[in-house]
Amino acid sequence: MDLKSNHNSPILTDPAPISKSRLGVHLNMLPYASAPGVGFSPNMLLIPRKKTGVLDDVRASSWLDAMKSSSPPPNRISKDDVNELSSLDPDFLYRNWMIKYPSALASFDQIVPHAKGKRIALFLDYDGTLSPIVDNPDGAFMSDAMRATVKEAAKYFPTAIISGRSRDKVYEFIGLSELHYAGSHGMDIMVSDRHSTDDQGKEVMFQPASEFLPLIDEVYKSLIEITKGIAGAKVENNKFCVSVHYRNVDDKNWNALANSVYDLLEDYPRLRVSHGRKVLEVRPVISWDKGKAVAFLLETLGLNNCDEVLPIYIGDDRTDEDAFRVLKERNCGYGILVSSVAKESSAAYSLRDPSEVMEFLKSLVTWRKSSAL
């Protein structure tokens with residue numbers, strides 16, 4: 001499967017490796033680069049961004065299209081097929097899409113043979129993966145059955161949650177101490193010492209964007225003010241990023257909302273905007289994302305040997321594509337996209353919704369139990 005990325009958000013290139021940090025992680029995984037002859041400083045970030053002035057029609061159109069999609073774009077089709085496909089049943093299109101992204105449940109017997117003799121490491125998004133997408137982000141609760149399933153899975157597999165939510169917030173939703181948590185798209189990571197190969201008796205915390213906290217808080221307060229006049233808009237402080245939700249905003253006001261956010265960020269060149277499912281994410285301009293978080297967790301937990309470990313990442317959002325690509329580029333493990341509509345993705349398999357995610361996790365546990373007999 002050779003797919004092209006269609007991300008519009010700027011991603012900075014990785015710096016060259018320098019040495020291992022005290023956490024046992026190569027510094028080429030860190031988001032800061034030093035110029036030749038200049039000492040490395042984890043508290044210094046010098047990344048220029050060109051000022052663009054007032055938002056023009058081209059940029060407005062581009063981001064309005066992105067907001068409408070709110071997720072990885074549909075598969076590209078030829079012009080000759082447009083009229084024919086537009087009249088087809090969405091279920092037919094989805095079934096056709098599943099030829100390229102087969103169901104992880106239907107393909108379970110093809111997946112597990114690759115895990116024989118290996119440890120499975122689970123990486124799970126939260127919203128839209130473990131919990132349904134809801135109008136009010138504060139009400140995105142997972143079911144008791146899902147919580148019990150995740151808890152059972154964590155008994156057999158190292159399991160981490162990687163969410164755009166703040167780490168504290170996603171922990172409140174899940175409430176399972178046996179998991180590892182990475183909030184703010186992986187910019188706030190807490191590794192439990194129960195699974196870690198690091199210093200015994202200590203938790204490993206990694207926050208590559210800690211210097212941005214005052215800036216993020218300042219922008220959060222400003223976004224609260226500038227969105228007050230847009231009905232349905234909700235601004236959420238996720239510690240190392242700010243989420244501007246527009247799921248409940250009339251689509252005729254989406255352009256005005258995007259303009260407001262971008263106009264504000266003209267004065268903050270160290271911040272950028274990415275987008276997920278009906279949300280604009282204001283994030284630090286650093287080379288760090290969910291893919292980097294997966295790489296960090298694998299190395300910190302001593303699970304980065306592909307001959308011994310099979311990582312599985314399950315997520316539903318555009319930001320999860322970074323993690324899918326890491327596994328794909330390493331040819332190590334599987335990305336599973338949670339979606340009920342056809343989308344272009346770097347994932348290898350698909351699941352339709354959180355209920356299928358739960359069934360897949362149950363199947364993994366059942367398989368592991370039976371294989372241990």
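This is a predicted model: local features need pLDDT of at least 70, side-chain atom pairs count only at pLDDT 80 or more; totals for chains, interfaces and linings use all residues.
Reader: Why is helix H9 called mostly covered?

Author: Buried means under 20% relative accessible area, and eleven of the eleven residues of H9 (290-300) are buried. Among them are Lys290, Phe296 and Glu299.

Reader: What covers the buried residues of H9?

Author: The cover includes strands E1 (119-124), E2 (159-162), E4 (188-191), E5 (204-206) and E10 (309-315), together with helix H10 (321-330). Just after H9, glycine 302 has a positive phi of about 70°.

Reader: How do you know that cysteine 306 and cysteine 332 form a disulfide?

Author: Their sulfur atoms are 2.2 Å apart, and the cut-off is within 2.5 Å, so the pair qualifies as a disulfide. A search of the whole structure finds one disulfide.

Reader: Are the two cysteines buried, partly exposed or exposed, and what are the values behind that?

Author: Cysteine 306 has a relative accessible area of 24%. That value falls between 20% and 50%, so cysteine 306 is called partly exposed. Cysteine 332, at 7% relative accessibility, is under the 20% limit and so counts as buried.

Reader: Why does serine 107 count as buried?

Author: Its relative accessibility is 8%, and the limit is under 20%, so serine 107 counts as buried. Serine 107 sits in the loop between helix H3 (90-97) and helix H4 (108-111). Leaving out residues up to four places away in sequence, serine 107 touches Pro102 and Tyr349.

Reader: What makes E11 largely enclosed?

Author: Five of the five residues of E11 are buried, so the rest of the structure largely encloses the strand. Tyr334, Ile336 and Val338 point one way from E11, while Gly335 and Leu337 point the other way.

Reader: How do you know that E11 pairs with E10 and with strand E12?

Author: Pairing needs at least two bridges. E10 and E11 have four, in the parallel sense, and E11 and E12 (residues 349-351) have three, also in the parallel sense. Both therefore count as pairs. Isoleucine 312 has tyrosine 334 as its bridge partner in E11, and the chain crosses from E10 through H10 to E11 in a right-handed β-α-β crossover. Leucine 337 stands opposite serine 350 in E12.

Reader: Why are E6 and E8 said to stand at the edges of their sheet?

Author: The open sheet has four strands in the order E6-E7-E9-E8, with antiparallel pairing. Strand E6 (234-237) and strand E8 (271-276) each have a single partner strand, so one side of each is left without a neighbour in the sheet. Neighbouring strands of this sheet are turned by 20° against each other on average, direction ignored. Four bridges join E6 to E7 (residues 242-245), and lysine 234 has histidine 245 as its bridge partner in E7.

Definitions and conventions. Residues are numbered from 1 along each chain as its sequence is written. Side-chain values use heavy atoms; hydrogens and water are left out. Buried means under 20% relative accessible area, exposed over 50%, partly exposed in between (1.4 Å probe, protein chains only). Helices (H or I, at least four residues) and strands (E, at least two) are DSSP runs, numbered from the N terminus. Contact means heavy atoms within 4.5 Å. Axes are lines fitted to C-alpha atoms, for helices over the stretch in contact, and angles run from 0 to 180 degrees between N-to-C directions. A crossover is right-handed if, with the strands pointing away from the viewer, the path from the first strand over the helix to the second runs clockwise.
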